[in-house]
Amino acid sequence: MTPEDVFALSPVMPVVVIDDASKAVPMARAMIAGGLRTIEITLRTPAALDAIRAIARDVPDAVVGAGTVLNAADLQAAIDAGAAYALSPGGTRELMQTALRAPIPFIPGIATSSEVMVGLDLGYRYFKFFPAENMGGVGTLKSIGAPLPAAKFCPTGGIGPDAVESYLALSNVMCVGGSWITPSDTMKAGDWAAIEALARKAAAFKR
């Protein structure tokens, strides 16, 4: 799998903060039933690695990735847990150079054109644009795309369903990251039918 393959999996990449690993498998099955093929589990909670491990083991149709990978140790932990890819909100040179040797695709985060240029110099072409809405959203990505056409993006951060189409209309955007598919109260309640319905709406966006 390549970073391009990761971005091509679904028009919306669900970004999930999970507090209870026992909810990972039914949540992932609801996502798949709704038509989303991939899930990013952020490494922001103690349950995250166990959640990745459970999805990788028990939901073979789901391509599970690890988000909020901040250093080489996080990357190795994600690989060991069975993550198929990894993303970061940023990208230190050390992490990006280490990730080039990893057995899974790594997608660094950027917020400025200078950061894109550093990534391009290291051989990266696919980036997470974060935090998208706070950094100017669609207008910023359109401006970055003119001088840096080789870079492709998954914008994430503050994007709601009403904004997805405007991002996907950009030639340098391949997918959009969103956390609205797994609201915290819905996750706590275990309302998998509601999450399946939200996933179905997300999967219906056209690129």
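Me: Leaving aside its neighbours within four places in sequence, which residues is arginine 200 in contact with?
Reply: A word on the model first: it is predicted, local features need pLDDT of at least 70, side-chain atom pairs count only at pLDDT 80 or more, and totals for chains, interfaces and linings use all residues. Residues are numbered from 1 along each chain as its sequence is written, and side-chain values use heavy atoms, leaving out hydrogens and water. Contact means heavy atoms within 4.5 Å. Once neighbours within four places in sequence are set aside, arginine 200 is in contact with Ala33 and Gly34.

Me: How far apart in space are arginine 200 and glycine 35, C-alpha to C-alpha?
Reply: Arginine 200 lies in helix α10 (residues 192-203), while glycine 35 follows α2 and has a positive phi, near 105°. Helices are DSSP runs of H or I with at least four residues, strands are E runs of at least two, and both are numbered from the N terminus. Along the sequence the two residues are 165 apart, but C-alpha to C-alpha the distance is 5.7 Å.

Me: Is arginine 200 buried, partly exposed or exposed?
Reply: Buried means under 20% relative accessible area and exposed over 50%, with partly exposed in between (1.4 Å probe, protein chains only). Arginine 200 has 43% relative accessibility, so this residue counts as partly exposed.

Me: And aspartate 121, is that buried or exposed?
Reply: You will find aspartate 121 in helix α6 (residues 113-122). Its relative accessibility is 66%, so aspartate 121 counts as exposed.

Me: Which residues lead the largest nonpolar core in contacts inside it?
Reply: A nonpolar core is a set of buried Ala, Val, Leu, Ile, Met, Phe, Trp, Tyr and Cys residues joined through side-chain atoms within 4.5 Å. In soluble globular proteins, nonpolar side chains tend to be buried together. Here the largest core has 62 residues, and the most contacts inside it belong to Met27, Ile41, Ile55, Val116 and Phe153.

Me: Which helix gives the largest share of this core?
Reply: The largest share is 6 residues, from a helix spanning residues 24-33. Its buried residues are Ala24, Val25, Met27, Ala28, Ala30 and Met31, and they pack against β1 (12-16), β2 (38-42), α3 (48-58), α9 and α10. Isoleucine 55 touches several of them, including Ala24, Val25, Met27 and Ala28. The helix asked for is α2.

Me: Is threonine 182 buried or exposed?
Reply: Threonine 182 is found in the loop between β9 (176-178) and α9 (184-189). Not counting residues up to four places away in sequence, threonine 182 touches Val15, Val16, Met27, Met31, Met187 and Ile195. At 10% relative accessibility, it counts as buried.

Me: What radius of gyration does the protein have, and what would a compact globule have?
Reply: The radius is taken over C-alpha atoms, and the globule rule is 2.2 Å times the number of residues to the power 0.38. The C-alpha trace spans about 45 × 35 × 25 Å along its principal axes. For 207 residues a compact globule would be near 17 Å, which agrees with the protein's 16 Å.

Me: What percentage of the residues in the protein is buried?
Reply: The secondary structure comes to 10 helices and 9 strands. Of the contacts with a separation of 6 or more, 61% join residues 24 or more positions apart. Among the 207 residues, the buried ones make up 50%.
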